[in-house]
Amino acid sequence: MSRLTKIALVAAVLALATFLVLMTNRAELAKLEVTKLPGRAAWQLPDRVVDALDLTPGDHVADVGAGDGFFVFHLADAVGPAGRVYAVEVEEEKVRELERRVREKGYENVEVVLGELGDPLLPDGAIDLVLLCNVYHHIEDRHDYFLRLQADLRSNGRVAVVEPRELGGWIGWIEPPGHSTPIEVLDDEMGAVGYRLVESFDFLPVQSFVIFTAARPGNGALVRSGHDVSSPRASDPPP
Ligand SMILES: C[S@@+](CC[C@H](N)C(=O)[O-])C[C@H]1O[C@@H](n2cnc3c(N)ncnc32)[C@H](O)[C@@H]1O
């Protein structure tokens, strides 16, 4: 057997072994949060995403499923001191860590909220934009969730969804199952509860990015979540 054949054989065996290890550990891979790896800004492009959200200083924004707060401070800078960012998390540990970081960074326009799995517990009729980045596929009963969310939106309120794309090809083999949502599915599911897809951006390399408006924002008759507007804006009319 020639030296070249031996090298090729070893390489093939190593490739097969790697493939088998990856395949048998797909469940573990699913737990690996790529969003926590260093260098995320290079592919997440937070400045471009926040730019595309077209926020106005003074806006009230919710980062639902804020995680470790990757977008929270970008959003807080965009809405400025007169605005407000609700960083919603369902995991208590993440809430405590977010609260610590908000204090440490001295942001007074960020409120960390311990949400429920079925309700972000946002103030009714108060939110200009909700961002869900890599969160949509985590929401269990999306029909009820997004129906309820309409009660939290102001008129012209929007919902932005950044969601992993199905990558296909060889990388599709190691992609954890259930971690992406095609735009058509987003459109169907959100359309079914009265949202309309109004913008779609394709500058993110591994995620889709779409924006919906709610047909009936702040519609108390639809579903009231029962939370008062805790922080009216300076521009709000007196009660
Ligand atoms: C993949 S992480 C994304 C975190 C963050 N958005 C980011 O892009 O860095 C998903 C987050 O959604 C949170 N989550 C899951 N279900 C949720 C729900 N029903 N409401 C709010 N957050 C939720 C999880 O606790 C987790 O922190």
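Of the 19 residues around the ligand, the nearest are G65, G67, F70, C133 and H138; a residue counts as near a molecule if its C-beta atom, placed from the backbone, lies within 6 Å of it. The shell around the ligand is made up of 9 nonpolar, 6 polar and 4 charged residues. Here Ala, Val, Leu, Ile, Met, Phe, Trp, Tyr, Cys and Pro count as nonpolar, Asp, Glu, Lys and Arg as charged, and the others, Gly among them, as polar.

A word on the model: it is predicted, and local features need pLDDT of at least 70, side-chain atom pairs count only at pLDDT 80 or more, while totals for chains, interfaces and linings use all residues. Residues are numbered from 1 along each chain as its sequence is written.

In β1, 5 of 5 residues are buried, that is, 20 or more other C-beta atoms lie within 10 Å of their own, C-beta atoms being placed from the backbone. H60, A62 and V64 point one way, V61 and D63 the other.

Strand β1 runs parallel to β2 (residues 84–89), joined by 5 bridges; strands pair if DSSP finds at least two bridges between them. D63 stands opposite A87 in β2. On its other listed pairing, β1 meets β4 (residues 127–133) in the parallel sense over 3 bridges, with V130 as the bridge partner of A62.

Stepping back, the chain has 9 helices and 7 strands, and 31% of its 239 residues are buried.

How values were computed. A residue is buried if 20 or more other C-beta atoms lie within 10 Å of its own, exposed if 12 or fewer, and partly exposed in between; C-beta atoms are placed from the backbone. Helices (H or I, at least four residues) and strands (E, at least two) are DSSP runs, numbered from the N terminus.
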